[in-house]
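Let's take a quick look at some aromatic rings and their surroundings. Here is the model.

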Amino acid sequence: MTDLDQRLKELLEEGVDPQGVIREPNFYREVWDSFHGRNASLLITTWVGILVASAGLIFCTIKMFQVTETRDLIIFASFAVMLNSAQIALKLWYNMRLNRAAMLTEIRKLRLALVSEE
């Protein structure tokens, strides 16, 4: 094993405790930190969309149980399904952005550590 391989192994093991569990930052801290930085406005807009879809979903679900005609029931149920799907899609996209940011941070840390060794 070369010195580079050994150094990479040491760097990758820095974030692992003795039981082999990777120490990760708190999820809620990552969410809060995502509101600051380069893509903050896009991520804030995503959260606004999630909240609007949630409010619409709650409204449509309540109205769905209050209507008396079948046509209205189908309309509100369809909107509830679409809003639920939109909410899920926005949450998935947001979590993928969080994962991307975390991976880029780790890659930058590895690069800096390797460059400082040379």
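Phenylalanine 35 comes out as partly exposed, at 23% relative accessibility; that label covers the range between buried (under 20% relative accessible area) and exposed (over 50%), with a 1.4 Å probe and protein chains only. This is a predicted model, where local features need pLDDT of at least 70, side-chain atom pairs count only at pLDDT 80 or more, and totals for chains, interfaces and linings use all residues. Residues are numbered from 1 along each chain as its sequence is written, and side-chain values use heavy atoms, leaving out hydrogens and water.

Searching the whole structure turns up three aromatic pairs. Rings of Phe, Tyr and Trp (its six-membered ring) pair if their centres lie within 6.5 Å, and planes under 30 degrees apart are stacked, over 60 edge-to-face, the rest tilted. Here are two of the pairs:

| Pair | Centre to centre | Angle between planes | Type |
|---|---|---|---|
| Tryptophan 32 and phenylalanine 35 | 6.1 Å | 85° | edge-to-face |
| Tryptophan 47 and tyrosine 94 | 5.6 Å | 75° | edge-to-face |

Helices here are DSSP runs (H or I, at least four residues), numbered from the N terminus. Tryptophan 47 is partly exposed at 30%, while tyrosine 94 is buried at 3%.

Threonine 46 also lies in helix α3 (residues 40-66), and is buried at 7%. Beyond its neighbours within four places in sequence, threonine 46 is in contact (heavy atoms within 4.5 Å) with Leu90, Trp93 and Tyr94.

Note on methods: Helices (H or I, at least four residues) and strands (E, at least two) are DSSP runs, numbered from the N terminus.
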